[in-house]
Amino acid sequence: KPTPVPAVPGSFGKGLPKAGATVASGSQTFSWSASRGATGYQWCLSTTNGSCAAWSPVTTSRSVKLVLAAGTTYYWQVRAVNGIGTTDADAGSWWSVATR
């Protein structure tokens with residue numbers, strides 16, 4: 001029986017809020033689906049599309065509750081991690097979410 005070859009986490013997608021959504025300011029839950037082979041996840045919320053100043057610590061949770069300021073457009077991304085490497089959700093596409 002062949003030994004499985006270690007691999008980076010499998011592809012996966014973000015859940016809510018949907019790309020381009022407008023939501024109320026204040027507390028919002030961000031969620032994502034599972035990635036095969038992931039041992040954890042990191043998320044980033046930024047006001048600059050495609051740029052992350054600091055990824056969150058690794059968590060096994062598939063959601064996070066964040067407080068959003070009114071009248072702001074945010075961009076968010078999640079990456080699955082394991083001992084081999086990382087895989088960005090939605091093939092690396094950052095999703096925007098605006099607050100009212």
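The model is predicted: local features need pLDDT of at least 70, side-chain atom pairs count only at pLDDT 80 or more, and totals for chains, interfaces and linings use all residues. Residues are numbered from 1 along each chain as its sequence is written, and side-chain values use heavy atoms, with hydrogens and water left out.

Start with the sulfur atoms. A search of the whole structure turns up 1 disulfide, a term for a pair of cysteine sulfur atoms within 2.5 Å. Cysteine 44 is buried, at 3% relative accessible area. Cysteine 52 is partly exposed, at 22%. Buried means under 20%, exposed over 50%, and partly exposed in between (1.4 Å probe, protein chains only).

Now move to tyrosine 75. This residue sits in strand E5, residues 73-81. Strands (E, at least two residues) and helices (H or I, at least four) are DSSP runs, numbered from the N terminus. The C-alpha atoms of tyrosine 75 and cysteine 52 are 9.3 Å apart.

Finally, look at strand E4, residues 63-68. Pairing requires at least two DSSP bridges between the strands. Serine 31 has serine 63 as its bridge partner in E4. In a regular strand, side chains alternate between the two faces of the sheet. On E4, Val64, Leu66 and Leu68 form the covered face, while Ser63, Lys65 and Val67 form the uncovered one.
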